[in-house]
Amino acid sequence: MNMLEEKSISLAKQDFPNIVRQAAKGHETITRNFKSLNHEKVSIISTDIFEEILDRGYKFNPTIEEDLDGQGYTISIDELLIHGEGSTLISALKDLAENLMDYTEDYLNRVDFFRQIENRKHHYPYLRRIARLTDIDQVMEVIAECHTSLQQAILNQSQKG
């Protein structure tokens, strides 16, 4: 028994207003292209629910390395093969956030390309989380949400400024 409703694209077109109303209430509808060879599927789901799934399941695990000479920091997000550098934790975090915002824009503009690259195709949900944010401070907070040293650096910076 399949508990998720599945509709052909032609039926979904006819019933689209109802499908959208149901999605807003929390129901997911899956559309399937029965005319294609691989029967591609697309889910229609509430954006709020989708973003809640991303927020809970796709958190960043940044690693901090202090330079050998003690003159700066590198913060890396290994899940995305991306890093930032700076003379302070906050400047390294800001550099990382800027790099992450640039990568997010590039990835989403060329998602069909990146989804074909084995070590990059899983980046989409992480980057989709970033895409909805409106400024660099929000991006820095999302990066730091699971790292107390970075959270403290942000807090200290906000108290100074």
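Me: Is Glu-65 buried or exposed, and why?
Reply: Residues over 50% relative accessible area count as exposed. In this predicted model, Glu-65 has a relative accessible area of 51%, so Glu-65 is exposed. Glu-65 sits in strand 4, residues 63–66.

Me: Which residues form a negative surface patch?
Reply: Glu-65 is one of them.

Me: How many salt bridges does a search of the whole structure find?
Reply: The search finds twelve. In one of them, Glu-51 pairs with Arg-132, with the closest N and O atoms 3.8 Å apart. Glu-51 lies in helix 3, while Arg-132 lies in the loop between helix 6 and helix 7, so the pair ties together parts 81 residues apart in sequence.

Me: What are the relative accessible areas of Glu-51 and Arg-132?
Reply: Glu-51 has 16% and is buried. Arg-132 has 32% and is partly exposed.

Me: Which residue forms a salt bridge with Arg-129?
Reply: Asp-55 does, with the closest N and O atoms 3.0 Å apart. This pair links distant parts of the chain: Arg-129 is in helix 6 and Asp-55 is in helix 3, 74 residues apart. Arg-129 is buried at 4%. Asp-55 is partly exposed at 22%.

Me: Which residues do salt bridges with shared partners join into one network?
Reply: Glu-51, Asp-55, Lys-59, Arg-128, Arg-129, Arg-132 and Glu-145.

Conventions: Residues are numbered from 1 along each chain as its sequence is written. This is a predicted model: local features need pLDDT of at least 70, side-chain atom pairs count only at pLDDT 80 or more; totals for chains, interfaces and linings use all residues. Side-chain values use heavy atoms; hydrogens and water are left out. Patches are made of residues with over 30% relative accessible area and no salt bridge: like charges are joined within 9 Å, nonpolar side chains (Val, Leu, Ile, Met, Phe, Trp, Tyr) within 5 Å. Accessible areas come from the Shrake-Rupley method with a 1.4 Å probe; for residues, only the protein chains shown count as cover. A salt bridge is a side-chain nitrogen of Lys or Arg within 4 Å of a carboxyl oxygen of Asp or Glu. Lys and Arg count as positive and Asp and Glu as negative; His and the chain ends are not counted. The place of a charge is taken as NZ of Lys, CZ of Arg, CG of Asp or CD of Glu. Helices (H or I, at least four residues) and strands (E, at least two) are DSSP runs, numbered from the N terminus. Buried means under 20% relative accessible area, exposed over 50%, partly exposed in between (1.4 Å probe, protein chains only).
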